[in-house]
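I began with the surface and then followed the pairs.

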Amino acid sequence: MTDPNHNGHRMAEPVRRRRERRERWVKEGERPVGRNLALIGALGWLVVAPTLAGLFAGRWLDGLAGGGVFWTASLIFAGVAAGGWLAWKRIEQER
């Protein structure tokens, strides 16, 4: 049988964060549109820059290896993954 308090503990943190965000919103109001647009632009660059770095590094390594796309595909994937992680961390900072 499951502990009835376990679900309460699991829900306590999201409820607390929601309450804090609501109180901050009531006190400060909506974020300016410019700040939201800046965040969208920053998130885009956080994903694009590592992806492009992976593309260029992969093309260079594939050129040294005599052709193919092994390094290019691998490093593009790694760049997208790193960019997604960086974007996630940036969004966490905005909360």
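This is a predicted model: local features need pLDDT of at least 70, side-chain atom pairs count only at pLDDT 80 or more; totals for chains, interfaces and linings use all residues.

**Entry 1**

Residues are numbered from 1 along each chain as its sequence is written, and side-chain values use heavy atoms, with hydrogens and water left out.

My patch rule takes residues with over 30% relative accessible area and no salt bridge, joining like charges within 9 Å and nonpolar side chains (Val, Leu, Ile, Met, Phe, Trp, Tyr) within 5 Å. Accessible areas come from the Shrake-Rupley method with a 1.4 Å probe, and for residues only the protein chains shown count as cover.

Lys-27 sits in helix H1, which covers residues 4-28. Helices here are DSSP runs (H or I, at least four residues), numbered from the N terminus. Is Lys-27 buried or exposed? Its relative accessibility is 68%, so I noted Lys-27 as exposed. The classes are buried under 20% relative accessible area, exposed over 50%, and partly exposed in between.

I also checked Trp-25, which belongs to helix H1. Trp-25 is partly exposed, at a relative accessible area of 39%.

**Entry 2: a nonpolar patch**

Next I asked which residues make the nonpolar surface patch. Trp-45, Val-48, Leu-52 and Phe-56 do, over about 450 Å². Phe-56 is part of helix H2, residues 33-65. With a relative accessible area of 57%, Phe-56 is exposed.

**Entry 3: salt bridges**

How many salt bridges does the structure hold? I found five, taking a salt bridge as a side-chain nitrogen of Lys or Arg within 4 Å of a carboxyl oxygen of Asp or Glu.

I followed Glu-94. Its side chain meets that of Arg-31 in a salt bridge at 2.7 Å, N to O. Arg-31 lies in the loop between H1 and H2 while Glu-94 is in helix H3, so this pair ties together parts that are 63 residues apart in sequence. Arg-31 is partly exposed, with a relative accessible area of 34%.

Glu-94 also forms a salt bridge with Arg-35, where the closest N and O atoms are 3.3 Å apart. That pair links distant parts of the chain, Glu-94 in helix H3 and Arg-35 in helix H2, 59 residues apart. Arg-35 counts as partly exposed at 45% relative accessibility.

Arg-90 forms a salt bridge with Glu-94 too, with closest N and O atoms 2.7 Å apart. Both Arg-90 and Glu-94 lie in helix H3, four residues apart, about one turn of the helix. Arg-90 is partly exposed, at 25% relative accessibility. Shared partners join Arg-31, Arg-35, Arg-90 and Glu-94 into one network of salt bridges.

**Entry 4: aromatic rings**

I searched the whole structure for aromatic pairs and got one. The ring centres of Phe-70 and Trp-71 are 5.2 Å apart and the planes are at 80°, so I logged the pair as edge-to-face. The rule: rings of Phe, Tyr and Trp (its six-membered ring) pair if their centres lie within 6.5 Å, with planes under 30 degrees apart counted as stacked, over 60 as edge-to-face and the rest as tilted. Phe-70 is exposed, with 56% relative accessible area, and Trp-71 is partly exposed, with 36%.

**Entry 5: along helix H3**

Last, I picked some residues in helix H3 and looked up C-alpha distances.

- Trp-88 lies in helix H3, residues 70-94, and is exposed at 55% relative accessibility. Trp-88 and Leu-43 are 45 residues apart in sequence and 8.7 Å apart in space, C-alpha to C-alpha.
- Leu-75, also in helix H3, is partly exposed at 24% relative accessibility. Its C-alpha is 6.4 Å from that of Leu-55, 20 residues away along the chain.
- Ala-73 is in helix H3 and partly exposed, at 47% relative accessible area. The C-alpha atoms of Ala-73 and Gly-58 are 7.2 Å apart, for 15 residues along the chain.

Note on methods. Helices (H or I, at least four residues) and strands (E, at least two) are DSSP runs, numbered from the N terminus. Buried means under 20% relative accessible area, exposed over 50%, partly exposed in between (1.4 Å probe, protein chains only).
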